[in-house]
Amino acid sequence: MKFKRFLAVLSGLTLVALAAFCVILRISPTGGKNAVLAAASLALPDGSFQSESEYVEDKKRQNTEASREINSSETKTLFSSEVYSEDPKIYEGEEQYPVTETTYREGDTSFDNLFIKNTTGLNLDVQKYLERDLGFDFKKETDVQVLIIHTHTSESYLNYDNGYYHESFYPRSSNPDRNVVRVGEEIKSALEANGIGVVHATEFHDDPLYTGAYYRSYDTALKYMEEYPDIKVVLDIHRDSISSGETGGKVKPVFYVDGKKAAQIMIMAGYDPDGSLEYPFWEDNLTFALKIQKKAEDMYPGMTRPLYFGNFVYNMNLNTGSMLIEVGTDANTLEEAVFTGGLLGNVLAEVLQSE
């Protein structure tokens, strides 16, 4: 019993001494910080202290940097080892996943032959916007008035059309003949054939990571707009990806022109009524988007998926003619997407020249 009483007294004295020691360190001009850290901290190899929260944040940072290096290396390896072949023997033994073809023709808002997916809550008067003038003056004799850019430059397509894709399919490519750059080139050719000056920015903004791609493409667009001050239209050309709901299944949106299969497009239009997205001229861009949608359906029925009108900006605040357009999905073939690129160029030329 006496021994237990002795241990209790000793423990109490130890705690009092430790508390006094901490107080002395806290008021010391050199020891205060270390004492605070010592109360709840981790000792580092060099003898200094680091708070637990600082330690956790530091480890997060280190892990993120290590992960980024790994992902970068893996992505570049995948880019460099791309396999494009229509020979089924290349894929023997691989799992196959279904590709479902469909033509999207319905939205929650419709007008004449066009459909809109409206997630803004705004009661959209489509006719009013179609009757408006464009938010810019387009002059045919000017050298360069259209900029084509790709925020996600590596987005690519299937190279075969047989109702499924293989597990090794990786829908990104550093080869400009295989990704959305090839589609942009077709749009450019069609516009130039119609007498419209175009510059095509083929810089990669998502290699190896998507993170920050919109900031990088925004800077690229500004660079070209400074070099070509007459640019009125900025087209950010992407490709989409749609799951079918089946395990691993993908959807390819298609339509036909003279019996030839093409990839449907989806035009994006942003909404910013309170200015929180720094997008004051969203109505001008919406007008442009709706005119393109209507002209596309007039010229090539079925070409467009419902126009997506939502609370976003996606670099559309570059100017009053900025547009984001998804050409097909990763389940469409490159041939289908390129064919659509030429059609889209014709549509754009009609809108710009008629207005």
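Trainee: How does the lining of the second largest cavity divide into nonpolar, polar and charged residues?

Mentor: The model is predicted: local features need pLDDT of at least 70, side-chain atom pairs count only at pLDDT 80 or more, and totals for chains, interfaces and linings use all residues. Numbering starts from 1 along each chain as its sequence is written, and side-chain values use heavy atoms, with hydrogens and water left out. Ala, Val, Leu, Ile, Met, Phe, Trp, Tyr, Cys and Pro count as nonpolar, Asp, Glu, Lys and Arg as charged, and the others, Gly among them, as polar. Val99, Leu158, Tyr160, Asp161, Asn162, Gly163, Tyr164, Lys252 and Ala331 line this cavity, which gives 5 nonpolar, 2 polar and 2 charged.

Trainee: How many cavities of 30 Å³ or more does a search of the whole structure find?

Mentor: On a 1 Å grid over the protein atoms alone, a cavity is a set of points where a 1.4 Å probe fits but cannot get out; lining residues have an atom within 4 Å of a point. Points join across faces, edges and corners, and a volume is the space filled by probe spheres set on them. The search finds 2.

Trainee: Which elements give two or more residues to the lining of the largest cavity?

Mentor: This cavity has 14 lining residues, with Val234, Asp236, Tyr314, Asn315 and Leu318 nearest its centre. Elements are DSSP runs numbered from the N terminus: helices (H or I, at least four residues) and strands (E, at least two). Those giving two or more residues are α6 (213-227), β9 (233-240) and β14 (322-329).

Trainee: What is the volume of the second largest pocket?

Mentor: A pocket is an open set with protein on both sides within 12 Å along at least five of seven lines. Tyr214, Tyr215, Tyr218, Val313, Tyr314, Asn315 and Asn317 line this one. By class they are 5 nonpolar, 2 polar and no charged. Its volume is about 150 Å³.

Trainee: Are α7 and α8 roughly parallel or oblique to each other?

Mentor: Axes are lines fitted to C-alpha atoms, over the stretch in contact for helices, and angles run from 0 to 180 degrees between N-to-C directions. Helix α7 (residues 282-299) and helix α8 (residues 334-354) come within 9 Å and cross at roughly 120°. Under 35 degrees is roughly parallel, over 145 roughly antiparallel, 65 to 115 roughly perpendicular, and the rest oblique. So α7 and α8 are oblique.
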